[in-house]
Amino acid sequence: MHSKPDFLGSGGQDEFRPELEVESKDGELHLRFFIPSHQEFALPATGIKEVIELSPDRITPIPNASPLLLGTLNLRGRVIWVADLGQFLGETTALNTDRAEISVIAIEEQDTIVGLAVEEIGGMDWLDVQHLSAPTNVPDTMAPFLRGEWSKDADIERCLRLLDQMAILRSARWAG
């Protein structure tokens, strides 16, 4: 059901790899995903280190940590924090961790890497950020982490919201 996008690749530099192109005439490459409340979000592919599907027992809980933190994960020898992205954004619906696999999006800036646990990966899409509009009907807890939204269907008010990964990485919410 879930695809595991390998958009970062690991081939040689001399190899032509069209899947590594992150800009086109149709916009920029983004990863779409859902949080437990069924809201859809996107992140630019350029800031994503890795997308992994893993067993919940690979995430080590941390006693007395913030409830939005699921724990830590050993990602290729590096220990990173993993947060329930929905709760991080202020949603009350917690991620169901009682299942075979959890999708975690590892985002990175300089030497900082964090994991964002999500309900479901939607896929990779070319999205034009010039068509972003200001977010509407957004809770105050989520607003600082949004860059904008794309309307998907005006009749039923569905939208795809673009997250600001820098705001997420630099948030005081990681401190608990």
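Predicted model: local features only at pLDDT ≥ 70, side-chain atom pairs only at ≥ 80, totals over all residues.
Buried means under 20% relative accessible area, exposed means over 50%, and partly exposed is what falls in between (1.4 Å probe, protein chains only). Residues are numbered from 1 along each chain as its sequence is written, and side-chain values use heavy atoms, with hydrogens and water left out.

View 1. Helices (H or I, at least four residues) and strands (E, at least two) are DSSP runs, numbered from the N terminus. Along the sequence the pattern reads β-β-β-β-β-β-β-α-β-β-β-β-β-α. Of the 176 residues, 43% count as buried. A contact means heavy atoms within 4.5 Å. Among contacts with a separation of 6 or more, 58% join residues 24 or more positions apart.

**View 2. Six strands make an open sheet with mixed pairing, in the order 4-8-9-7-6-5.** Strand 4 (48–54) and strand 5 (59–60) sit at the edges with a single partner strand each, so one side of each has no neighbour in the sheet. Two strands pair here if DSSP finds at least two bridges between them. Strand 4 and strand 8 (residues 102–109) run antiparallel and are joined by six bridges. Look for I52, which stands opposite V104 in strand 8.

**View 3. E50 in strand 4 and R76 in the loop between strand 6 (69–75) and strand 7 link parts of the chain 26 residues apart.** The two form a salt bridge, with the closest N and O atoms 2.5 Å apart. That term covers a side-chain nitrogen of Lys or Arg within 4 Å of a carboxyl oxygen of Asp or Glu. E50 counts as buried at 14% relative accessibility, while R76 counts as exposed at 69%. The structure holds six salt bridges.

**View 4. R32, E40 and D125 are linked in a network of salt bridges.** D125 and R32 meet at 2.4 Å, N to O. This pair spans 93 residues, with D125 in strand 10 and R32 in strand 2 (residues 27–34). R32 is buried at 18% relative accessible area, and D125 is partly exposed at 28%.

**View 5. D84 is buried yet has no salt bridge.** Its place is in strand 7 (residues 78–84). The nearest side chain of opposite charge, R99, is 8.7 Å away; Lys and Arg count as positive and Asp and Glu as negative, with His and the chain ends not counted. Leaving out residues up to four places away in sequence, D84 touches L68, L70, A94, L95 and A117. R99 forms a salt bridge with E119, the closest N and O atoms being 3.1 Å apart.

**View 6. F33 and F41 have ring centres 6.4 Å apart and planes at 25 degrees, so the pair is stacked.** Rings of Phe, Tyr and Trp (its six-membered ring) pair if their centres lie within 6.5 Å; planes under 30 degrees apart count as stacked, over 60 as edge-to-face and the rest as tilted. F33 is buried at 0% relative accessible area, and F41 is buried at 0% too. F88 and F145 form a tilted pair, 5.2 Å centre to centre with 55 degrees between the planes.
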